[in-house]
Amino acid sequence: MEFDTSKTALFLLLCFFLVDGSSSQRSTYIIHMDKPSMPKAFSSHHFCVSMSETELELLKASPGFVSAYPDSAVTPDTTRTPDFLSLSPASGIWPASGYGNGVIIGVIDTGIWPENPSFSDRGIAGPAPVKWRGVCSGGDGFNSSLCNKKIIGARYFNQGIKASDPTSAVPDTARDDDGHGSHVSSTAAGNFVEGVSFFGYARGTARGVAPRARLAVYKALWGGSGVSSDILAAIDQAVADGVDIISISLGAQEIELYESPLSIASFGAREKGILVCMSAGNRGPSVRTIRSGIPWAVIVAAGTVDRWFAGNLTLGDGKTITGWTTFPASAIVRNVPVVYNQSLSGCTAAELAEAPENTIIVCHTTIGNTDFDTVMGALSNSNVKAAIIIAEETSIFRFNTFPYPGVVITAAQGQQVADYALASAAPTASIDFKQTILGKEPRAAPALSDDSSRGPGRSYEGILKPDLMAPGVLILAAFHPHLTAARIGRNIDLATDYNLLSGTSMACPHISGAAALLKAAHPDWSPAAIQSALMTTANPLDNTKQPIREQDGSVASPLGIGSGHVDPNRALDPGLVYDASVQDLVNLVCSMNFTRNQTQTIIRSSYSCSNPSSDLNYPSFVALIRAAEIGRTLTRTFRRRVTNVGNGAAAYKVAVEAPVNTTAVVRPQTLVFGKNYESKSYSLTIRYKADIEIQHREGAVIWSDQTGKYRVRSPIMVSAAADNFE
């Protein structure tokens, strides 16, 4: 089937390279042209060129030139999470959506390892959806027979990275070379695989959020990195191929929306009815660390799940302490002498050289500022048998690296060990590994991962980002079977088909999968409606019914968690949705004070800027305090429109949680709907003192129906703008 490029939002990126001139003076640029002025040889608004500055200036003078920006680098930013998200075959969104059957998720990443059992098409009925226009063109080592009813498409994009480094040996293949792409693909849509674990931890049945959805794989990252032109090409191709959801777990440089391929291509995808999900990035915990605050993409933060990987430490007096470990073997540590010595507790290499052999040594990483990784390295060169590590580093609980037998315990638990060791003439202990604990203990979940990037988004502050939080800490999913997943000691590398990885890269495909379920259940819903349903039903509370917290124990704000933790079952029937058309997004772009060419780079010339508006019909609110406004009392009015997607007539009343030092009024306070799909409008007016002593203040607008079935919640943030920190 020939694809009509004249009607596509964004098209396949064409890369060509000029051959004259000195290569040392040449750079690769992404060029944007007005379509009517494009030469017949080109079918895209976008192409990349390796050229000199002189040649670039000549191109700028040509008819139809819009903009040119240098190509830039990009980097990639389970057995439990479906249960943690309450996904069940008995009721809710899984059976209602047919587990995502008929929906195509396009994954832009490092490729896929097609032989992994998660990508089997067992149980998937019928051929690829009729809307599918893609191909299985996996290249070297990826025969077309490796595609099936699960992996319906595979392509690779490497022209940009080859141009950036002509000496690099980049292969022509869609096969995963990193494990990252396989991990995110199986998290979003992996099939059911029984008996999976990480060397005995997290044992259970692996399955993606939408296990019957189809996968289209676009490899645009190579060795864990890539360039923007290849990402743009991959997104354009996914749009042309007919995917429903695009999942992008990678980060780019901090650049303007009109320079960002992620921004430009995702706008075109939204124009074609495709929802784009992106990871927030792993640069937290500071605020303003989200680089890609793209208003027309769902930006996803990472949280913990209710699973604890444990080593049970049993002291010689019978007392048992639950510690943390992912040591990947059943080491025999039984009734081993314990050494608690203040002069050795730093566990440096020199101190461990003095420690008695075949003992369990107590290490305290806060002594001498010794970090966990350094201690692990020193232990691997020592003659002690195991270690009890007292540590408060929350980052330890994000990674699977534990190359030496031992457990991590808290300072309070460490005091119990010290009391026992000092009181006993011959203290001993035993450690049992490969323990997996589920539930509210020892820590409430979800908690916001400390490395998850926080808002406001640096590329645009006027829309609250991130949008949602999803599981992203130690997620078990498919991996590259020939890469190191764990290590014992200094030189024993271990491989596995399923690995535990952490980051917003892991959170993003959870939202992609949830969006696929909603798309299958509500095929007529727009991307904005799907996003709204996910956001307004998200839960701001953890599994102890308390506000979601940071991993350090402080309460997390919407700048970290957005609307809250995703709840797919509630999103299936949200009651009300905030919908938005492509023209609404165009109006937003037109309000951003860009030049004409900068605006056209995103929206192109086919749309009108006659009604610019920054007040997008979005399911969250943010009011900024700019430097010039400090000391004044400000009033900001938002206007919103909600559509009734419940079952028939309904009446909703509003409750407002006003931010600190802020008044907030909603009018009207009651919305009455006479039928399904009827829309009503309301306004939110907030009045606040423009001071930055409290830089970020949060609240919420909550609409509840008279039956108590629906609770439609939107966060409010009053935030200091970036110009206060320049």
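Biologist: Why does Ala202 count as buried?

Modeller: Its relative accessibility is 2%. Buried means under 20% relative accessible area, exposed over 50%, and partly exposed in between, with a 1.4 Å probe and protein chains only. So Ala202 counts as buried.

Biologist: What do these values rest on?

Modeller: This is a predicted model, in which local features need pLDDT of at least 70, side-chain atom pairs count only at pLDDT 80 or more, and totals for chains, interfaces and linings use all residues. Residues are numbered from 1 along each chain as its sequence is written, and side-chain values use heavy atoms, leaving out hydrogens and water.

Biologist: Why is H5 described as largely enclosed by the rest of the structure?

Modeller: Ten of its ten residues are buried, so the description holds. Strands S6, S10, S25 and S28 and helix H11 are among the elements that cover them.

Biologist: Which residues of H5 and H11 meet?

Modeller: Contact means heavy atoms within 4.5 Å. His180, His183, Val184, Thr187 and Ala188 in H5 meet Ser505, Met506, Pro509, His510 and Gly513 in H11. By class, that makes four nonpolar, six polar and no charged residues. Ala, Val, Leu, Ile, Met, Phe, Trp, Tyr, Cys and Pro count as nonpolar, Asp, Glu, Lys and Arg as charged, and the others, Gly among them, as polar.

Biologist: What makes the Ser505–His180 side-chain pair a polar contact?

Modeller: The pair lies at 3.1 Å. A polar contact needs N or O atoms within 3.5 Å; within protein, one must be able to donate a hydrogen and the other to accept it, and residues adjacent in sequence count only if both atoms are side-chain atoms. The pair is listed as such a contact.

Biologist: Is Ser505 buried or exposed?

Modeller: Buried, because its relative accessible area is 0%. His180 is buried too, at 9%.

Biologist: Where does UniProt place the feature "active site"?

Modeller: The unreviewed entry places it at Asp109, His180 and Ser505. They are spread over 397 residues of sequence, yet cluster in space, with a largest C-alpha distance of 10.0 Å. UniProt positions follow the numbering used here, feature names are shortened, and annotations may be inferred rather than shown by experiment.

Note on methods: Helices (H or I, at least four residues) and strands (E, at least two) are DSSP runs, numbered from the N terminus.
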